[in-house]
Amino acid sequence: MTPINQGPVSTRPATGEGDAADLRSVILETRDVTVTYGTHEALHPTSLAFAAGEVTSLIGPSGCGKSTYLRSINLMNREIEGCKVGGQVIYRGQDVNAPGVDLFELRKHIGMVFQQPNPFHKSIYENVAFAPRRHGITKKSDLDQLVEESLRAAAIWDEVKDKLSESGFALSGGQQQRLCIARTLAMHPDIVLMDEPCSALDPISTFAVEETIRSMASRGICTIIVTHNMEQAARVSDRCAFFLLGEMVETGVTAEMFANPSDQRLDDYLTGRFG
Amino acid sequence: MASSSASARARRQDHIATGVLTAIVAVICVALVAIVVYIVGSGAGKLFDVSFLTGKPQQFKAGGGIGPELFNSFYLLVLTLLLSLPLSLGAAIYLAEYAHEGPVTTAAKTIIETLSSLPSIVVGLFGMLFFVLQLGWGFSIMSGALALTMFNLPILTRVIQQALEAVPRDQRDAGLALGLTRWETTIHILIPSAMPAIVTGVILSAGRVFGEAAALIYTAGQSAPMLDFTNFDLSSASCPWNVWRPAETLAVHIWKINSEGVVPDLAAVSSGTAAVLMVCILAFNIIARIVGRRLERRLTAE
Ligand SMILES: Nc1ncnc2c1ncn2[C@@H]1O[C@H](COP(=O)(O)OP(=O)(O)OP(=O)(O)O)[C@@H](O)[C@H]1O
Ligand SMILES: [Mg+2]
């Protein structure tokens with residue numbers, strides 16, 4: 001079997017818009033994905049496509065299923081008892097729920113950053129180096145290089161380079177979150193899922209994280225970010241998907257969607273009439 | 001105004017509650033300190049008496065020591081921890097990290113909770129019937145260590161399980177989302193985070209094991225053959241490491257000399273032994289706090 005991260009990337013016109021020039025290299029696609037907790041269908045059939053180097057924001061009022069959708073992509077929903085995922089999540093041409101797909105291998109390529117910064121109770125260095133070492137990188141010089149490169153990519157290297165052996169918990173919340181991003185980037189993921197990564201951060205840290213997201217995109221990483229902050233969605237995302245009550249209502253290019261929403265419910269949401 | 005009088009009343013209630021609670025805590029503290037001071041004080045003369053701490057217990061004459069009892073207490077403690085720590089760690093990891101919610105898990109948790117409050121004399125009697133008589137091990141360190149393990153296992157399992165469950169969920173998620181297995185996540189992320197609580201729990205349970213008498217009277221027995229530390233013949237009763245010899249501990253010694261002792265200096269030996277036991281247990285508690293806090297600090301800062 002080919003390693004999962006070397007499957008094909010399909011190049012085809014984006015769904016939704018008829019713009020022939022807009023060719024995207026789709027790396028991840030969900031087809032009619034549903035998520036059920038017990039008997040409650042929290043996510044109705046959702047089909048979206050994501051391209052390499054593209055940032056997609058998921059927006060919508062609280063409880064509409066954004067986190068639920070995100071967790072179905074890296075199969076974190078499997079860790080929740082009573083949670084069932086239907087439909088297909090296709091990563092590089094392969095259904096991730098098909099038997100035989102290595103869950104742990106998949107999660108190396110699809111990283112995740114959480115709402116609350118959650119560094120490990122380890123040194124800053126170990127926070128980044130720990131998972132790569134478990135995955136087989138053991139040479140000290142390789143790890144050193146990986147740690148530096150990842151911390152630089154997450155725009156936190158200058159702040160921590162002199163205290164790599166201190167605990168990750170000794171950092172501020174914003175620094176902790178960037179450390180968590182560095183930890184995720186150290187796996188060299190194709191896709192990074194971010195669930196409200198800035199909701200616990202001040203504006204300056206938020207800005208730093210947004211810069212990081214843009215630079216990740218320029219290096220070809222596909223980022224999917226959940227956010228409640230419409231300005232943030234407008235600043236960082238190329239595309240956007242609007243969720244409401246477990247339904248994916250509208251998707252498209254962020255700028256176009258925000259300028260003239262085609263669905264009344266999105267219009268209401270953007271103008272703050274509910275949510 | 002109604003609202004301001006209501007808030008004045010609330011404030012007065014708060015004052016009264018604070019006062020009452022402070023008084024209750026003060027009474028408890030005074031009582032506990034009094035007990036400790038009394039016990040340590042009445043045995044103080046023997047605490048630094050080397051011939052008492054290392055000497056041979058006497059059946060009829062005055063001047064007996066507690067050398068073998070002191071050694072037996074520590075030896076039984078170490079064996080008990082060697083047996084109960086890996087087992088309870090495994091059980092706790094299973095219950096906290098692997099078991100699915102369901103009737104079986106709930107039943108297992110309930111059973112462990114019930115067992116952890118089982119009176120130790122019941123454990124001791126079971127140990128006598130099963131290890132001593134049924135298996136024919138006689139009064140021996142082995143019988144005693146297994147009885148103590150039965151006594152300690154549920155308590156330790158609960159402590160470790162609770163320590164693991166107290167680690168925030170997001171630490172688990174972080175590990176799993178990096179493609180680590182549940183086992184890697186548990187061993188390398190959760191256990192280190194839970195370590196301060198685990199170490200504290202283990203040392204505190206060690207204190208309970210160390211002071212346990214009822215579970216040992218009919219399992220490890222009430223006789224303490226004099227030990228010869230140059231003897232490595234594991235079948236000899238005077239070899240300290242022989243696990244098939246009877247072994248009276250400090251707590252059992254106190255019980256025995258008070259219930260059937262005939263030595264003339266009974267009161268002095270008894271209070272001396274109690275003081276030694278008390279000091280050891282206090283030491284366990286203090287060590288537990290220091291080690292727990294050290295680990296905590298090492299994990300959360302610097
Ligand atoms: N572990 C769970 N067990 C049962 N139901 C859940 C669970 N997680 C989420 N849900 C339900 O699924 C629905 C969607 O929740 P989800 O967390 O995906 O919303 P969200 O869009 O991320 O909201 P927020 O913006 O507040 O984070 C909600 O109705 C919620 O109650
Ligand atoms: Mg959410």
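This is a predicted model: local features need pLDDT of at least 70, side-chain atom pairs count only at pLDDT 80 or more; totals for chains, interfaces and linings use all residues.

User: Why is Ser140(B) called buried?

Analyst: The cut-off for buried is under 20% relative accessible area. Ser140(B) has 0% relative accessibility, so it counts as buried. You will find Ser140(B) in the loop between helix H6 (120-134) and H7 of chain B.

User: What makes up the surroundings of Ser140(B)?

Analyst: Leaving out residues up to four places away in sequence, Ser140(B) touches Thr219(B), Ala220(B), Val243(B), Trp244(B), Arg245(B) and Pro246(B). Contact here means heavy atoms within 4.5 Å.

User: How do you know what span to expect of helix H5 in chain B?

Analyst: The expected span is 1.5 Å times one less than the number of residues. Helix H5 (residues 103-116) of chain B has 14 residues, and the expected value is 20 Å. From first C-alpha to last, H5(B) reaches 20 Å, close to that expectation.

User: Why can one say that the buried residues of H5(B) line one face?

Analyst: Start with the residues themselves: Thr105(B), Ile112(B) and Ser116(B) are buried in H5(B). Looking down the axis of H5(B), the buried residues fall within an arc of 35°, so they line one face of the helix. On the other side of H5(B), Pro103(B) and Val104(B) are exposed, a word that calls for over 50% relative accessible area.

User: Which helices do the buried residues of H5(B) pack against?

Analyst: Their partners are helix H4 (67-98) and helix H7 (141-165) of chain B.

User: What makes Ser67(A), Thr68(A) and His228(A) polar contacts of ligand 1?

Analyst: A polar contact is a pair of N or O atoms within 3.5 Å. A polar side-chain atom of Ser67(A) lies 2.6 Å from an oxygen atom of ligand 1. For Thr68(A), the corresponding distance to a ligand oxygen is 2.4 Å, and for His228(A) it is 2.7 Å. Taken alone, ligand 1 exposes 630 Å², and the protein buries 64% of that.

User: Which element supplies the largest share of the shell around ligand 1?

Analyst: That is H1(A), with 4 residues. Strand S3 (40-51) and helix H1 (66-73) of chain A each supply at least two residues of the shell. In total, 14 residues surround ligand 1, with Ser62(A) and Lys66(A) among the closest.

User: How many helices and strands does chain B have?

Analyst: Chain B has 12 helices and 0 strands. Of its 302 residues, 45% are buried.

Note on methods
Residues are numbered from 1 along each chain as its sequence is written. Chains are lettered from A and ligands numbered from 1 in the order in which they are written. Side-chain values use heavy atoms; hydrogens and water are left out. Buried means under 20% relative accessible area, exposed over 50%, partly exposed in between (1.4 Å probe, protein chains only). The arc is that of the directions from the helix axis to the C-beta atoms. A residue is near a molecule or strand if one of its heavy atoms lies within 4 Å of it. A polar contact is a pair of N or O atoms within 3.5 Å; within protein, one must be able to donate a hydrogen and the other to accept it, and residues adjacent in sequence count only if both atoms are side-chain atoms. Accessible areas come from the Shrake-Rupley method with a 1.4 Å probe; for residues, only the protein chains shown count as cover.
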